[in-house]
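Morning, everyone. Please have the sequence and the model open while I talk. I'll keep this brief.

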Amino acid sequence: MNLSTIKQSWFGNVRGDILAGLVVALALIPEAIAFSIIAGVDPMVGLYASFCIAVVIAFVGGRPGMISAATGAMALLMVTLVADHGLQYLLAATILTGIIQIVMGVFKLARFMKFVPRSVMIGFVNALAILIFTSQLQHFANETWQMYAMVAGALAIIYILPRFTKVVPAPLVAIVVISLIAVYTGSGVRTVGDMGELTQALPVFLLPEIPLNMETLMIILPYSLALAVVGLLESLLTAQIVDDMTDTDSDKNKETRGQGIANIVSGFFGGMAGCAMIGQSVINVKSGGNGRLSTLTAGVFLMVLILVFNDLLVQIPMAALVGVMIMVSIGTFDWSSLKTLHLMPKTDAIVMVTTVATVVFTHNLSIGVLVGVVLSAIFFAAKISKVHVHSLMVEEGRKKIYVVTGQLFFASVTEFISEFDFKEDVDEVDIDLKAAHLWDDSAVGAIDKIVLKYKDNGTAVKVIGLNDESSKLVEKRAVYDKSNAKAANH
Amino acid sequence: MFNKILLASDGSEHAIRAAEKALLLAGNNPNASIDIVYVVDGDKSKADVLHNWNSIDIDQKRKEKLTFTEQKVKRAGVDYQIKVIHGEPGPSIVKYANQNDFDVCVIGSRGLNSLQEMVLGSVSHKVAKRANCPVLIVK
């Protein structure tokens, strides 16, 4: 990258970037606090994470204009780690997540993103939305009517205000208004201050206080792997959305490495793991941000707000945050997938629903993605294993030609062999493989079996029309064309 | 008299009716050209990226939406080009219209009732208010 493109990505859109960055910072605060509460840590952990990740990714990310911070997808993965082992292990897991992501970036694994089917991605965001929503339900337990009214009020402001003005983010107005009502009526509803500590200090560099041994590694590794994969999945999806919105391209491998660096820094400064945020990135671009400066502004301004308004932040009622989180979950859910569910190919719909169900059942997005990918791979193999064999008689019934169309591999050979009639009374058989492809040993074995069986019956067989790749495989592995061949060799 | 015509379209029925009127304006004018403009906003971006494998697919899906409109224009023998722009529909159409000095902007009205209009806001209304050229809102 030369100097002028660096300058362009930083200062190509100064006014738009700074304004959008300010808007995003305001919108980030309630989310960072709420995601901390989901993870079961002090609000400062999410706020520090959002600050560190946003600032670092502004410099090292591959997608200018994308917003990364503490996210719901990541927070949901940490719940049991925090509950069982505490914050220090989470910080260590965050650093390890970063290391894994950097390794993935160095090996350019971003290209494997294309193997994650769209139906799994849709399932991913829908499951994420459902989990964010259900994670809020606990806040309603044993609550007063005031709390319910405040949630309703917050939602009303969030959805109605934008119709009149879009200058200030509606969620922020909702939080301010509901906080004011809570303070002045003295209704005594639970606040952010009741959920944990908010300190008025900049994050400082700290080594996680954990024993450095195999046992620790074994505890955090599964969490870090899940965090690394889910973080990259959401980040690369978000990058594609920002690419589309800004009609520009981005370096996905650089972004992968950048996410890793950002998470390492976050872990060392007392923050939790994070990734790119779809909602905030869309807000950023809509507000006019598309350069690195917007992400940096968001991070820095977020920290300023924490330092200046610390006393006020602790007074935010949980009800207002719950309202914001309900909005986040509604915004995350892909509603168009419900409308088009009956139009989707049936297997896609099954994959999507299975992904959602797995996540909701296991509370783990990474397991859902894994199940979804495996299931769609099986469906794909099943679909592609349909081989068509079409036969025709020529030369007055003395010769039969089998025309094979499809992919020959382990899943398709059984059906393939059953299409041949070995008992038939003909002198000659041609197997035309022009429209077929041999993929593996099973395929070669199947051809061997068929040819040798015909030979045993005294029928002359010819295999014709092999494409280059298939004939190379046949040369190497097949026995039918070598002398004294026996089918039993396979 | 109307040489440069902007036709805002999202492939909907209303937009197709607007296309018919745009062609009427262009009728018998050999100098007429139509820009078919399709605006993709943030939520649409998100949904399209989620539902398609890659940017080539997305491109194709969006062009497909305009096929009917495109065929109509093609059959009428009017010069045209398709433009996909990103942003909020109202302001984006206005910006494009004003930057490229169009002679007229043709846009379909969604026919919302007054409550829907209050909640959703009307794109055609915004365009009519802020575009520098005459705006034809087709009902």
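Start with strand β4 of chain B, residues 104-108. It pairs with β5(B) in the parallel sense, over four bridges. One residue pair to click on: B:Val106, whose bridge partner in β5(B) is B:Leu136. Keep in mind that this is a predicted model.

Now zoom out to the whole sheet. It is open, has five strands, and runs β3-β2-β1-β4-β5 in chain B, with parallel pairing. Which strands stand at the edges? They are β3 (79-86) and β5 (135-138) of chain B. Each has a single partner strand, so one side of each is left without a neighbour in the sheet. Ignoring direction, neighbouring strands are turned by 20° against each other on average.

A helix packs on this sheet: α5 of chain B, residues 89-99. Helix α5 touches β1 (4-8), β2 (33-40), β3 and β4 of chain B. Its direction makes about 150° with that of β2(B).

Over to chain A. The domain assignment gives domain 1 as 6-335 and domain 2 as 388-489. Their C-alpha centres lie 58 Å apart.

Chain A also has an open sheet, with four strands in the order β3-β4-β5-β6. Pairing here is mixed. The edges are β3 (388-394) and β6 (460-464) of chain A; each has a single partner strand, so one side of each lacks a neighbour in the sheet. The twist averages 20° from one strand to the next.

Inside that sheet, β4 (residues 399-408) and β5 (residues 428-438) of chain A pair in the parallel sense over nine bridges. Look for A:Val403 there: it stands opposite A:Asp432 in β5(A).

That's my tour. Questions, please.

Key: Residues numbered from 1 in each chain as written. Chains lettered and ligands numbered in written order. Predicted model: local features only at pLDDT ≥ 70, side-chain atom pairs only at ≥ 80, totals over all residues. Domains from an automatic or database assignment. Pairing = 2+ DSSP bridges. Helix = DSSP H or I, 4+ residues; strand = E, 2+ residues; numbered from the N terminus. Axes fitted to C-alpha atoms, helices over the stretch in contact; angles between N-to-C directions. Contact = placed C-beta atoms within 7 Å.
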